[in-house]
Amino acid sequence: MPNVQLNLVGLSKNDYRGAPTTLCAGCGHNSISNQIIAAAYELNVVPEDVIKLSGIGCSSKSPAYFLNRSFGFNSLHGRMPSVATGAMFGDHRMRALAVSGDGDTTNIGMGQFKHIMRRNVPMVYIVENNGVYGLTKGQFSATAEKGLRLKYQGLNPFTPVDVVEEAMASGATFVARSFAGDANQVKALIKAALSHNGLAILDIISPCVTFNNEDDSRHSYGWGREHQEPLHDFTFVPREQEIQLGEFPEGTTKTVTMHDGATIVLKKLDREHDPTSRSAAMKLIEAARTEAVLLTGLIYVEPNLPSLTDVAELSATRPLNRMTEADLRPDKSMIEKANAMMF
Amino acid sequence: MATPQVQETQQTGTGKAVVNDFSMTVATKNGSGSQTSNLTLLRALFKMGIPVSGKNLFPSNIQGLPTWYTIRLSKKGYLARRAEHEIVVAMNEDTFVEDLASVAPGGAFYYGDHLKFEVNRTDISVYSFPAKKFAKESTAPATLRDYVANMAYVGVLAHMLDIDMSKIREALDYHFDGKEKPIAINMGVIEAAYEWAKTSLTKTDPFRVEPMDETQGFIMADGNTAGALGSIFGGVQFMAWYPITPASSLAEGVSQNIAKFRDKEGHDGKTYGIVQAEDELAAIGMAVGAGWSGLRSLTSTSGPGISLMTEFVGLAAYAEIPVVIWDIQRVGPSTGLPTRTSQGDIISTYFLGHGDTKHIMLLPGSASECFEFGWKSFDIAERMQTPVFVMSDLDLGMNTWMTKPFEYPNVPMDRGKILWEEDLEKLSDWQRYKDVDGDGIPYRTVPGNKHPRSAWFARGTGHNDNAKYSERSEDWEKNMARLKHKFETASSYMPKPEITGSGNKVGIISYGSTDAAILEARDYLAENGLETDYLRLRAVPFTSEVKDFIDKHERVYVVEMNRDGQMNMILRLEYPEHTMKLISLAKHDGMPLTANWVKEAVELQEK
Ligand SMILES: Cc1ncc(C[n+]2csc(CCOP(=O)(O)OP(=O)(O)O)c2C)c(N)n1
Ligand code: SF4
């Protein structure tokens, strides 16, 4: 047998791949797919325990390119959040991993995006943010910065939508931003997001090499590399491992216990950011905006709020979609009660 | 041309009583609490054994605009709306003049004495009564006085028509769920008004009620509550919805009642999820997501919501995801006439989506059938793996009907061709969209199935048998041909039409809430020498009985409530050889159909 490394659930990295990508070579979305594969492999996720969802766009094609053994739904432009909401009721013990684009999320899908956060649907929601519509060939999306000039579109005169600010305003319980070129950070954030019981928003700047990669564009590789400012070194400790807080000198670390018992240990670099503080997170985002820096890392997390499926009071042991007629149909005697309810 | 009923009322003055055969209408203001009074009257008459129907004509408004409630009593059991009212009760100054004019000649007019109008008709009986006095003198707290004031006309009518007071008490008992205090307050007002009428009014009109034995074995129900209960008995597992009149009460009926019927001992959690969505786009999206994940999934809306759902419905049909959608039709575009009834979404719903799509539509014709289709729609959706529409309307959905009791589902749940781990284990090959059985229906798996070969990828893009992305023309064509075949298979699985009469030259086809008007109209036509056969459609695609019926008749009138004869168009599309036989009789005034209109429309053609 060739020397294939297996993880704790007995799977090789290959078991987490999908179909070969049909996106442009060098597209940031592909790097993110790779990190999803790596994160799921390293976290010992069973692919059958994951549903993957997306809307429409180049980005939304990517669920076909990872986790072949997971159920997938490439739904409608901007409407993935509603599909995910309903789907989570089928077997709420599963995890959902969703991929969307900035066009998909902040234009046609802005309404559903805001509402899925209100409901705290337990899922990872990745916005692959390139500032343009890739699949329809390079129109401005709502996240394109004011003053951006594109070859065929001309000048963008409008203020951009900031995914992270929208997420904070809508009460998201996990908000992070990263850059597709920073593989390690992307992977660590995906791992953390997968352990969050609630909606985890990852706004990942993902350059479109074909339509928006001029060095002066904020969604380009060049700009990203130059302006990225990581919040902290970020290490993910799965719950199977012992957590050794002692390793981190007091005052320089912040430990966030995830709902499933996993812990994220944050090592602060040059900023004293407390990601459990909403007001600190809001200030930081505002400052980053005025200073025009790309703030990356875990910006905000509230690990203790009930998720949608907690609120729905579903059975802890049996998923809805395994229930049978005996569970679902009232007993025969109940028909009298129904008729008596009338007059 | 006058209807037989009106001829009967013209006998006023001859002294002959008109018993259990008239319409009475109460004119009030929206939000004034008259609904309790009207339902009390309706239910008391029903408990007296008299066939009755109640229709609420209400404005799109919460408080203040005119609203009318009509109760029809018919010893022959006719339940359709009639355009004529023999008794009118006026409680609203804004419509007083109109209400007075609307009383049929020989009829009776009651009005509250707070309305200072001149009553100038001599061809009717006129009674005024102190509408506010009894509430003021009652034990009702000041805040409730305005609401119980309407009980005055209940008391007055009880005396004048001979309504059994013990049945009124029964009706109140039901309405207030046995709560003694409100029952006593309301009953007090009714009794005071009754006593007052006894000593103060002299009856000069012929209308009276008498106990009968014609409501035994029936219940009073509205279609939306019936549909909600039917869905609960059908094992609904997920519902997402967005408020819209006249569909909201169906969704509310599910959420308010499901726990009562479904929480069983031994359950450690709920057996359902309910979400009030942010709009119809989200409601259907959630419902489709839940259907994909293996749940009996439901949404309810009306025309404007259906149009927003279009893209998802097309996707669900193509990705083959079961979901049930109730369309409680109203008069539309946009807000249209949101509180008036219609059968105007037939064509748009049948073809809803993009490219070549056709959908299954169930057509309930009574409240008890709303219950039946409540559960049956899930069986059909899961069997066919496709969206199923239940096409009700405002009249059926929101009005109170005398109907057969709900019947417990007579077949076990049909979950369709669904494969779990152990099933896949036995199969060497499984392809999501492969037609294995020759019926066009493939096998499906749902998320949560842990078999390594279970997963498939739902998408709107072209796909092959294996659910893999494909833009090949052959794959597309093959798939679309199979979907067409699946739709043909569906026709053999549909509820069959209800056919009455045989051997006549003239046939009538109708569907939904028009049923009552057709049944009555056929009697009038027969009295005038035209015997007809009648086929009530219960589903599209049509079963073979529909073609047989058209084959056997020289002329077939297709009666419906829209402008262009939408069902007639579908029938002509399906049976082009019969185009000349099919004659559309379509009405679209927002009001429930009357027998008189049907009778006259047929006679006009038959002349
Ligand atoms: C209802 C609807 N409107 C428009 C489209 C066309 N469309 C396809 S992809 C796309 C934009 C996708 O942009 P984005 O989400 O930013 O993803 P990217 O391709 O940039 O990754 C649009 C407008 C569609 N598929 N559906
Ligand atoms: S067009 Fe842009 S977004 Fe689409 S695949 Fe190519 S690089 Fe990626």
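Buried here means under 20% relative accessible area, exposed means over 50%, and partly exposed is anything in between, using a 1.4 Å probe and protein chains only.

| Cysteine | Relative accessibility | Class |
|---|---|---|
| Cys24(A) | 41% | partly exposed |
| Cys208(A) | 8% | buried |

A quick word on ground rules: this is a predicted model, where local features need pLDDT of at least 70, side-chain atom pairs count only at pLDDT 80 or more, and totals for chains, interfaces and linings use all residues. Residues are numbered from 1 along each chain as its sequence is written, chains are lettered from A and ligands numbered from 1 in the order in which they are written, and side-chain values use heavy atoms, leaving out hydrogens and water.

As for disulfides (pairs of cysteine sulfur atoms within 2.5 Å), the count over all chains is 0.

Chain A has 12 helices and 15 strands, taken as DSSP runs numbered from the N terminus (H or I, at least four residues, for helices; E, at least two, for strands). Of its 343 residues, 60% are buried. Counting a contact as heavy atoms within 4.5 Å, 70% of the chain A contacts between residues at least 6 apart in sequence join residues at least 24 apart. The chain exposes about 13700 Å², with 51% of that supplied by carbon and sulfur atoms; the areas are Shrake-Rupley values with a 1.4 Å probe.

Over in chain B, which residues of helix H20 (residues 544-552) are buried? They are Val546(B), Phe549(B) and Ile550(B). Seen down the axis of H20(B), these fall within an arc of 95°, so they line one face of the helix; the arc is that of the directions from the helix axis to the C-beta atoms. Their cover includes strand E20 (506-511) and helix H21 (566-574) of chain B.
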